[in-house]
Amino acid sequence: MDLKRGVLNLHESTGIHNLGLPRWQLSLCLLCVVIILYFSLWKGVKTSGKVVWITATMPYMVLLVLLIHGITLPGAMDGIKAYLSIDFERLKEAQVDCCPLS
């Protein structure tokens with residue numbers, strides 16, 4: 001499911017003037033975030049330090065999980081070798097491709 005169809009529902013809209021109703025999934029997610037923020041800041045700055053500790057380290061844990069998952073995919077070592085092997089002769093060629101995605 002891509003972003004334009006699954007999240008934004010642009011295929012159901014006729015233009016910027018007709019965006020349609022809010023998606024219930026996104027509204028529920030926003031409500032959950034507001035509730036979490038309210039309860040994490042409810043008792044003031046003393047408890048918000050614990051929240052900051054979790055929210056500061058969580059992206060690193062997610063990146064570590066994604067790294068481990070990416071390394072275990074088939075062909076991952078070929079991609080890593082291709083990424084780390086640099087052809088300096090090709091870097092000297094200053095040529096722009098006019099249609100890279102065609």
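Visitor: What pLDDT does the protein average?
Guide: This is a predicted model, and the protein averages a pLDDT of 81, with 84% of the residues scoring at least 70.

Visitor: And where is confidence lowest, and where highest?
Guide: Confidence is lowest in helix H1, which covers residues 3-7 and has a mean of 65, while it is highest in helix H4, at 91.

Visitor: How many helices and strands are there?
Guide: The secondary structure comes to 5 helices and 0 strands, and the pattern read along the sequence is therefore α-α-α-α-α.

Visitor: What share of the residues is buried?
Guide: Of the 102 residues in the protein, 6% are buried. The protein exposes about 10,000 Å², and carbon and sulfur atoms supply 72% of that area.

Visitor: Which residues make the nonpolar surface patch?
Guide: The patch is made by Leu64, Leu67, Ile68, Ile71, Met77, Ile80, Tyr83 and Leu84, and it comes to about 850 Å². The elements that give two or more residues to this nonpolar patch are helix H3, residues 45-71, and helix H4, residues 76-84.

Visitor: Tyr83, then: buried or exposed?
Guide: Tyr83 has its place in helix H4, and with a relative accessible area of 69% this tyrosine is exposed, because the cut-off for that word is over 50%.

Visitor: Changing topic, how many disulfides does the structure hold?
Guide: The structure holds 0 disulfides. A disulfide is a covalent bond between the sulfur atoms of two cysteines.

Visitor: How accessible are Cys29 and Cys32?
Guide: Cys29 counts as partly exposed, at 48% relative accessibility, and Cys32 is partly exposed too, with a relative accessible area of 38%.

Visitor: Last topic, how many aromatic pairs are there?
Guide: The count comes to 1 aromatic pair. The rings are those of Tyr38 and Phe39, whose centres are 5.3 Å apart.

Visitor: And why is the pair of Tyr38 and Phe39 called edge-to-face?
Guide: The planes of the two rings stand at 75°, so the pair is edge-to-face, as planes over 60 degrees apart count that way.

Conventions:
Residues are numbered from 1 along each chain as its sequence is written. This is a predicted model: local features need pLDDT of at least 70, side-chain atom pairs count only at pLDDT 80 or more; totals for chains, interfaces and linings use all residues. Side-chain values use heavy atoms; hydrogens and water are left out. Patches are made of residues with over 30% relative accessible area and no salt bridge: like charges are joined within 9 Å, nonpolar side chains (Val, Leu, Ile, Met, Phe, Trp, Tyr) within 5 Å. Accessible areas come from the Shrake-Rupley method with a 1.4 Å probe; for residues, only the protein chains shown count as cover. A salt bridge is a side-chain nitrogen of Lys or Arg within 4 Å of a carboxyl oxygen of Asp or Glu. Helices (H or I, at least four residues) and strands (E, at least two) are DSSP runs, numbered from the N terminus. Buried means under 20% relative accessible area, exposed over 50%, partly exposed in between (1.4 Å probe, protein chains only). Rings of Phe, Tyr and Trp (its six-membered ring) pair if their centres lie within 6.5 Å; planes under 30 degrees apart count as stacked, over 60 as edge-to-face and the rest as tilted. pLDDT is the predictor's confidence in each residue, from 0 to 100. A disulfide is a pair of cysteine sulfur atoms within 2.5 Å.
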